[in-house]
Amino acid sequence: MQNVEKLSAGRVRLAAGTLYGALNTMQEKGWIAVYSNDIESRKKEYLITDEGIQILETEIKRLKELLENGEMLLGEQS
Amino acid sequence: MKKEMHKLFWVWEFQKEEKWLNEMAAKGLVLSHVHYLTYEFDDASPKDYVIRFELLKNAINSPESQKYIEFMEEMGAEYLGHVLNWAYFRKPKESGAFEIYSDYESRVKYLNRVMWSVLPLGFLNLYFGVYNFWIANAFDNTPNYFFGTLSLILGLTILWGSINIYRIKRNLQKESELFE
């Protein structure tokens, strides 16, 4: 959560309930899996699955396309 | 010193309740425990706490809810107790902002959950109200007029409350459309 805030320079704040829902959804879809479940410290760690990496790559591609289109259209304007 | 207060809020007054709890915290009375109709405050703890509560998806004693509460604790929130399926938390301000839901999608989903927790009760009361009036009419039975009126008033109140929650949700959805 802190990392997300730092990465986005405070723009994005990921709240606990939202994060919990997102983790569960990603786990159900098989994009992430539980890596370790330390009962003592109650800290749960996840790792990204092969399918998750594939989805992530597709999403990055989609965002790149959006970015390129945006820059191209802006370039035409000026 | 501990202070105990008894107060009752309707489900659709959840924003008002949260505001009240945080105003109390600002005054130095930090919520420390919650159970039926009772709020316990602690003024020994530092003033700077944020109080949040939410209607859980599953029954409070279910493993799902226990897992969720554990997760909240892992995120630095302190669990203060529950009333029915509503779980109460607090978190020190210095550890950063404390919200439970941060994006439109999860907020809208949550408001739906709150709305559907009361709406069926509203309809049920309206149904009983009309049914009692029908019986009262057919058999000239006065107690049924009394219970019918009571049910109708309660049903309409709950319906009105649900509409309020629906409005909050609509406004959020309109706001989110700006970003699509």
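Tutor: Buried means under 20% relative accessible area. This is a predicted model.

Student: Are B:Phe9 and B:Trp20 buried or exposed?
Tutor: The two rings form a tilted aromatic pair, 5.8 Å centre to centre with 50° between the planes. B:Phe9 lies in the loop between strand E1 (2–6) and helix H1 (14–26) of chain B, and B:Trp20 in helix H1, so the pair ties together parts eleven residues apart in sequence. As for accessibility, B:Phe9 and B:Trp20 are both buried.

Student: Which kind of pair do B:Tyr39 and B:Tyr88 form?
Tutor: B:Tyr39 sits in strand E3 (residues 38–42) and B:Tyr88 in strand E6 (residues 86–92) of chain B, so their pair ties together parts 49 residues apart in sequence. Planes over 60 degrees apart count as edge-to-face. Here the centres are 6.5 Å apart and the planes at 75°, so the pair is edge-to-face.

Student: Which element gives the most to the side of chain A that touches chain B?
Tutor: The contact takes 13 residues from chain A and 16 residues from chain B. On the chain A side, helix H2 (16–28) and strand E2 (43–48) give two or more residues. With six residues, the top contributor is H2(A).

Notes
Residues are numbered from 1 along each chain as its sequence is written. Chains are lettered from A and ligands numbered from 1 in the order in which they are written. This is a predicted model: local features need pLDDT of at least 70, side-chain atom pairs count only at pLDDT 80 or more; totals for chains, interfaces and linings use all residues. Side-chain values use heavy atoms; hydrogens and water are left out. Contact means heavy atoms within 4.5 Å. Helices (H or I, at least four residues) and strands (E, at least two) are DSSP runs, numbered from the N terminus. Rings of Phe, Tyr and Trp (its six-membered ring) pair if their centres lie within 6.5 Å; planes under 30 degrees apart count as stacked, over 60 as edge-to-face and the rest as tilted. Buried means under 20% relative accessible area, exposed over 50%, partly exposed in between (1.4 Å probe, protein chains only).
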